[in-house]
Amino acid sequence: MRGTLILLSALIGGVVPLSKLNMCMDAKHHKVEPGPEGELYLQCTPWHENACCTANTTEEAHNDNSFLYNFNWNHCGTMSPQCKKHFIQDTCFYECSPHLGPWIQKVDQSWRKERILNVPLCKEDCHSWWEDCKNDHTCKSNWHYGWDWTSGINQCPQGAKCRKWTDVYPTPKSMCEEIWSKSYQYTALTNTSGRCMQMWFTAPNPNKKVAEYYLNNHAAGQVQRGFTRRTLLLLAAASLASML
């Protein structure tokens, strides 16, 4: 009886709430709850039907050195337009997406209480991002930490030299996984697989079904000792009934 109760407790404790399918991070500019935003700006417009961002946030996402994070894309010369569009899209994805719940993690940082970790990006997203930036330059592989902020915006730290993109990130995988501290995970999955997140899309948002898949099959339905959670729950219930 005691073993059955322990098993049931573990199963119930491991169940991921469905609210993770439609939620906003506890972060600097995110709304508390996702909802429609009719006037999202340019590259952020795909999220207008259900967004964690406001119109003001999306407009700022398109500006150099915007008030969002005072981040300077041009820290090693002017970033090319084709490269910058991916960083704008990345910002829209981060700020606006309501379907990142499976990958949200608690953090203790002054500017946010939650972050994303290992979001599986579609192969096309990583490759096109890297391809469009490969002739640009940067002085750091991880853009989250280690900048010189004495001027109020990020500058290359002392001793860090600007290098060609492909010297810092020799592959699309290295860029996608290193640039934001493992926020993204490189995958070989295509955007038709339904198993990876897309930064750009046309309505309806394809990422909802992807998040649902990971909630059902990776978080709430991980295989445990050869059995699915549903199977284990049925076995535990049957065992409990036999003891009553």
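**Salt bridges and pockets in the predicted model**

Lysine 173 is partly exposed, with a relative accessible area of 41%. In this predicted model, glutamate 177 is buried, at 11% relative accessible area. The two residues both belong to helix H6 (residues 172-178), where they stand four residues apart, about one turn of the helix. A salt bridge links lysine 173 to glutamate 177, with 3.0 Å between the closest N and O atoms. Salt bridges with shared partners join Lys173, Glu177 and Lys182 into one network.

In total, the structure holds six salt bridges. One of them pairs lysine 31 with glutamate 37, whose closest N and O atoms are 2.9 Å apart. Lysine 31 counts as buried at 17% relative accessibility, and glutamate 37 counts as buried at 19%. Another pairs lysine 106 with glutamate 114, the closest N and O atoms again lying 2.9 Å apart. Here lysine 106 is exposed, with a relative accessible area of 67%, whereas glutamate 114 is buried at 8%.

The largest pocket has a volume of about 520 Å³. It is lined by 23 residues, of which Tyr69, Phe71, Trp111, His144 and Trp180 are the closest to its centre. Helix H2 (55-61), helix H3 (81-96) and strand E2 (112-116) each give two or more residues to this lining, and the largest share, three residues, comes from H3. The lining consists of 13 nonpolar, six polar and four charged residues.

The second largest pocket holds about 190 Å³ of space. Residues that line this pocket include Lys85, His86, Glu124 and Asp125. H3 and helix H4 (123-133) are the elements that give two or more residues to the lining, which divides into two nonpolar, six polar and three charged residues.

Definitions and conventions: Residues numbered from 1 in each chain as written. Predicted model: local features only at pLDDT ≥ 70, side-chain atom pairs only at ≥ 80, totals over all residues. Heavy atoms only, no water. 1 Å grid on protein atoms, 1.4 Å probe; cavity = no way out; pocket = protein on both sides within 12 Å on 5 of 7 lines; lining within 4 Å. Points joined across faces, edges and corners; volume = space filled by probe spheres on them. Nonpolar A, V, L, I, M, F, W, Y, C, P; charged D, E, K, R; others polar. Salt bridge = Lys/Arg side-chain N within 4 Å of Asp/Glu carboxyl O. Buried < 20%, exposed > 50% of the residue type's maximum accessible area, 1.4 Å probe, protein only.
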